[in-house]
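This report describes the overall fold of one protein chain and the surroundings of its ligand. The structure is shown first.

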Amino acid sequence: MVRSKAWILETPFHGIPKEDDFKLLKEDLNDLKDGEVLCEALYLSVDPYMRSLVSLGMLKAGSPMVGDQVAIITESKSRDYPVGTNVIGRLGWRSHTIVSDLTHIKLLPPMDDLPLSLALGPMGMTGMTAYFGLLEILDPKPGETVLVNSGAGAVGSIVGQIAKIKGCRVVACAGSEDKCKWIKEDLGFDVVFNYKTVDLGEALSEAAPDGIECFFDNVAGDFMSTVFPHMKLYGRIACCGTMSTYNAVGPQPSGPHPYMTIVFKQLRLEGFMVRRWWGKWSPAQVEMLQWIKEGKIKYKECLFHGIETMPKGFISLFEGSNFGKVIIKA
Ligand SMILES: NC(=O)C1=CN([C@@H]2O[C@H](COP(=O)(O)OP(=O)(O)OC[C@H]3O[C@@H](n4cnc5c(N)ncnc54)[C@H](OP(=O)(O)O)[C@@H]3O)[C@@H](O)[C@H]2O)C=CC1
Ligand SMILES: CCCCCC(=O)/C=C/[C@H]1[C@H](O)CC(=O)[C@@H]1CCCCCCC(=O)O
């Protein structure tokens, strides 16, 4: 008999999630039926969207926490997935899972000798978000200025590096001096500032006196409103996420929005969800693997150890204490 540990949401979040909002349950799993496999989690992902699922009413008190994990098949009654196969799937915050519908798991992308955890980072959902959000929505040209916020995060750090590969000038910000040092010195972004210690408008005027062609926005809110006047005519904005609003309590902030600037500068804003390009993930992963092997894309992981630490890892995303991709090693 296998005992699984599984996190549920005990109390819907109010403001920044707290460790008390979660509860760890233990469940004895049944024996496998024909066609089923038993997955044991190796690495689990925590991502900002999990916070927004509560605001959207998709996660309620008592709901199992959702999320992707890299797992190994430890028992199998399926010919397609023999014991020892590594898979990725939206299996939730749990240590062991019986999978009956095998469309819920898939093989990892080819990763040569890279750590398996990268299938949750640059080779996985966050890396693909950076890749497609930048290349499909913003389509930056060599010499253009690309601004990215949360620049030391899982998505932002990859956005800036792909923009450098494409010959762009990268302006990025992050919320600590250590993060700024990493993206400036190790990742080679051109202009970097700590948005918590500068006047954002002044920092943008200084960083991009001729204006910004492409803005990859992970934050929204006041940050975005401040950026609009610094955009160039026909500037493009990829609306990737809204870190500044996920923990908002009560009605969402309503402005100010410089609408006249959007019209006058003929800006294009486009929201996206990375699964739009699901059919193109494989070739993108091949290119990402090549860039990582050539040292053109560097990555950082912020590892937490043990499934018991999942709430801590998740909360770190909103405290800004994470560097790169937050991963829980089971
Ligand atoms: N559209 C899509 O398909 C996808 C969208 N996303 C979005 O991309 C964004 C980045 O995700 P991801 O890279 O995984 O996360 P990160 O690794 O960037 O971690 C989150 C970071 O956000 C910053 N942050 C936290 N709270 C705030 C706040 N109130 N205001 C401004 N910044 C804040 C912190 O960095 P700092 O030190 O810089 O403050 C923190 O480290 C998120 O908005 C997420 O929802 C992610 C995946 C897919
Ligand atoms: C829901 C607000 C999302 C804000 C932006 C963001 O972070 C999006 C992340 C998605 C990414 O495109 C791929 C995903 O899987 C993320 C969203 C998943 C939402 C539904 C999850 C429901 C479930 O698994 O049961």
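The protein chain has 330 residues, for which a compact globule would have a radius of gyration near 20 Å; the value of 21 Å found for the chain therefore agrees. This radius is taken over C-alpha atoms, and the globule rule is 2.2 Å times the number of residues to the power 0.38. The model is predicted: local features need pLDDT of at least 70 and side-chain atom pairs count only at pLDDT 80 or more, while totals for chains, interfaces and linings use all residues. Residues are numbered from 1 along each chain as its sequence is written, with chains lettered from A and ligands numbered from 1 in the order in which they are written.

Along the principal axes, the C-alpha atoms fill a box of roughly 65 × 45 × 35 Å. The chain contains nine helices and 15 strands, which are DSSP runs (helices H or I, at least four residues; strands E, at least two) numbered from the N terminus.

Around ligand 1 there are 29 residues, of which Gly153, Ala154, Val155, Gly175 and Gly241 come nearest; a residue counts as near if its C-beta atom, placed from the backbone, lies within 6 Å. Two or more residues of this shell come from each of α2 (125-138) and α9 (310-319), and α2 gives the largest share, three residues.

The classes in the shell are as follows.

| Class | Residues around ligand 1 |
|---|---|
| Nonpolar (Ala, Val, Leu, Ile, Met, Phe, Trp, Tyr, Cys, Pro) | 14 residues |
| Polar (the others, Gly among them) | 13 residues |
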